[in-house]
Amino acid sequence: MTIPSNSDVLAGLLRSVFGFARFRVGQEAVCRAAIKGRDLLLVMPTGAGKSLCYQLPAIARGGTALVISPLIALMEDQAAKLAALGLRVARIHSGLERGVARQACADYLNGSLQFLFIAPERLRVPGFAQMLAKRKLALIAIDEAHCISQWGHDFRPDYRMLGQYLPGLRAGADAAPVLALTATATPTVQADILAQLGMVEPVKFIHGFRRENLAIEVVEVPVPERAGAIARLLAEPGRRPAIVYATSRKNAERLAEELSDTAWGRRIAAAAYHAGLDAETRERVQTGFQAGELEVVVATIAFGMGIDKADIRTVIHAGLPATLEGYYQEIGRAGRDGGMSRTYLMHSYADQRTHDFFLNRDYPPVGQLMEVFKALREEAQPVEELRVGSRLGEEEFDKALEKLEIHGGARMDFGSPRRVTVGGTGWKKTYAVQAQYRAEQFEKVLRFTTQNECRMAALVRHFGDVEDASRPCGVCDVCDPAGAVLRLFRRAAAAERELARAIVEELRGVAYKAAGTLQRSLGGAARMSRGEFDGLLGAMAQAGLIEMEEAEYEKDGEVRRFRKVRLTDAGREMRAGNPVELLISDGIVEEFSGRVEAAGRAKKGKAAAGKEATKPGLAGAGKAGTAKAETAAAARLPAEGEALAARIREWRGAEAKRLRVPAYVVMHDRTVTALAQTRPRSPKELLAIDGIGPAKVEKFGEAILGLCAGGPGEGMQGWP
Ligand code: ADP
Ligand code: MG
């Protein structure tokens, strides 16, 4: 193969084939290495332009590029884009008719394809790898390569198999290089990818993690207040389109419901998206969001891998994510058009408990795996039979079997029904290691929330780009407290300013002190909670008086973490009498606080006397409420009303069952009471009832009015 690789030739291809004027940062170097035939690992953030880094070299090298991709949506998207450029592309996946796959193979064999997209499991189809090996490939690109690593957050067992097929596909001289591409790979994952794919003298390209147009806020919000804060944030049209990540399917549904029915009187077109919805619904949500009909998607992590929406302005995490990799990928979906976007991570102590629960569910105790393992035999048994015979619940059984398969304790075939045979005994060890790794990853998330370091810098460092981690972003809540939207900072009180001075004196003349030691050595600080003291230190760091650094030491074989606190030059220069201006973290901005039910009602004056909020225009401003009928949950109803309430409750039960949601998601008790009291006769009267917004009127209006009128169809006034 004669391979063009001088700059003019590459720039020419970039223009003529892809229509781009210039390479983005990093792209050209990667293309060059690939064209030369080097194996490489490319780690660049989502949206940075990784695809071009295999596509252009593929064309330069000539022949067919094999692209392995984990998701049908991704494959379809990329294939369509290449075809639109006039390139010859085919894809093979389970969503296509047999004939399409046959044609793709024929085209491949006669050499007329430039790109062939396949899912990894395709290689397991007998004869398929052999068919591919009949021709020499230009290169092999493995997209979303982090899926290969069991440390990665999207681990796909089928990706693990790739390593064994690659040698057969790249035999002979000038063999096809293997290009592994991902947006998310910590150093551990990077090493795992290289090893699993058996890369030969690989080059690593890792850069571009910094996103200049993402302003990150990390805010402590009590769980019951999160829905309200989200609804109020997103009520502002400029903050949409938005993705909200919920911690469970149930929460996603509830939140979507609350958003589309927000008490602010403004309906937000929101929908839930999670793996428990049927394919049709998910498709509808995805395309609706893409097309702009839906402005907010409340999702579990299942959402987003295939999303290519450029103008997402806000990403909110309604709870702590399990890993920083997942978190970064999720917030990275905001602002791909380059426009400024904000992301909010809400957390509180309660998240830790939730996470322990999920960890236990996703990584069940070894005993449960053992239970399933013991039932496996050398001869294949149908999975269904084992499931029925197991003492474990259905979900527990499936989870245990899935883990066994991943760790080699069980082998599944692809027959129908699926059958399983016993595997090796090594699973116990690797499983334990993985569960431990997961727990540590979550600890990193926790530390991220408590650090007083620039958010972007902390993330960039986490991804292994140490060089780029020293520059603060200037726009996150740590860099720019006054610019924070949700997180509230107040000016330090006199006593706190006093304490700050004492801290400076305490640090004078020593290299550093551990935060804990420092607090104990100060009389006044000893009375503060750990969190309050951290808040003060954070404010001092923000003001440039001190620097903090995470450190660790080992004691009795255990790693212990602590924070080093030291004076900066500015801190050293501070003398008695100098004014100190400190901004201390203080929960969330009044405008966004309170439970969702309380929206529109008079506020309880949370901004206590003495608090000088940095957003004086907002604090205590209160929103003009929509005219909602006052309702009292405990109100007594006359007998007639009781009968109506009972009928509504009965209807509500049936509706909840049909929608598979808890009854209160359909309607709260106090809304039922209010309906029975006021007996609304038109959609307009319905809307005046607390707990009923436009979405509910649209969905249930007819039924409710029917019930209130004493039977379906009677007494409907003003119904369109
Ligand atoms: P990634 O895979 O890294 O998430 P993609 O490869 O999908 O990102 O690219 C993101 C977007 O950037 C695509 O729309 C792509 O066309 C565009 N893009 C890539 N390289 C360039 C370039 N050199 N100039 C302009 N646009 C580019
Ligand atoms: Mg990509």
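**A first tour**

Modeller: Happy to! Among contacts in the protein chain (heavy atoms within 4.5 Å) between residues at least 6 apart in sequence, 72% join residues at least 24 apart. Please keep in mind that this is a predicted model, where local features need pLDDT of at least 70 and side-chain atom pairs count only at pLDDT 80 or more, while totals for chains, interfaces and linings use all residues. Residues are numbered from 1 along each chain as its sequence is written, chains are lettered from A and ligands numbered from 1 in the order in which they are written, and side-chain values use heavy atoms, with hydrogens and water left out.

Colleague: Thanks! How many helices and strands are there in the protein chain?

Modeller: The protein chain has 29 helices and 21 strands. These are DSSP runs numbered from the N terminus: helices are H or I with at least four residues, strands are E with at least two.

Colleague: And what share of the 720 residues counts as buried?

Modeller: Of the 720 residues, 49% count as buried. Buried means under 20% relative accessible area, exposed over 50%, and partly exposed in between, with a 1.4 Å probe and protein chains only. The chain exposes about 33,200 Å², and carbon and sulfur atoms supply 51% of that. Accessible areas come from the Shrake-Rupley method with a 1.4 Å probe; for residues, only the protein chains shown count as cover.

Colleague: Let's go to the ligand. Which residues surround ligand 1?

Modeller: Phe20, Arg22, Phe23, Arg24, Gln27, Pro45, Thr46, Gly47, Ala48, Gly49, Lys50 and Ser51 surround ligand 1. To be listed, a residue needs a heavy atom within 4 Å of the ligand. The shell divides into 4 nonpolar, 5 polar and 3 charged residues. Here Ala, Val, Leu, Ile, Met, Phe, Trp, Tyr, Cys and Pro count as nonpolar, Asp, Glu, Lys and Arg as charged, and the others, Gly among them, as polar.

Colleague: Which side chains have an N or O atom at 3.1 Å or 2.8 Å from an oxygen atom of the ligand?

Modeller: Arg24 has a side-chain N or O atom 3.1 Å from an oxygen atom of ligand 1, and for Lys50 the distance is 2.8 Å. There is also Ser51, with a polar side-chain atom 2.6 Å from a ligand oxygen. As for cover, the protein hides 72% of the 570 Å² of accessible area that ligand 1 has on its own.

Colleague: Nice. New topic: is helix α13 enclosed or open?

Modeller: Helix α13 (residues 324–331) is largely enclosed by the rest of the structure, because 8 of its 8 residues are buried. They are Leu324, Glu325, Gly326, Tyr327, Tyr328, Gln329, Glu330 and Ile331.

Colleague: What covers them?

Modeller: The cover includes strands β8 (214–220), β9 (242–245), β12 (314–317) and β13 (341–347). Helices α18 (427–450) and α19 (455–462) are also part of it.

Colleague: How many aromatic pairs does the structure hold?

Modeller: It holds 10 aromatic pairs. In Tyr328 and Phe463, the ring centres are 5.0 Å apart and the planes are at 55°, so that pair is tilted. Rings of Phe, Tyr and Trp (its six-membered ring) pair if their centres lie within 6.5 Å; planes under 30 degrees apart count as stacked, over 60 as edge-to-face and the rest as tilted.

Colleague: Where do those two residues lie?

Modeller: Tyr328 lies in helix α13 and Phe463 in the loop between α19 and β17 (487–491), so the pair ties together parts that are 135 residues apart in sequence. Tyr328 is buried at 5% relative accessible area, and Phe463 is buried at 0%. Ring pairs also link Phe209, Tyr328 and Phe463 into a cluster.

Note on methods. A polar contact is a pair of N or O atoms within 3.5 Å; within protein, one must be able to donate a hydrogen and the other to accept it, and residues adjacent in sequence count only if both atoms are side-chain atoms.
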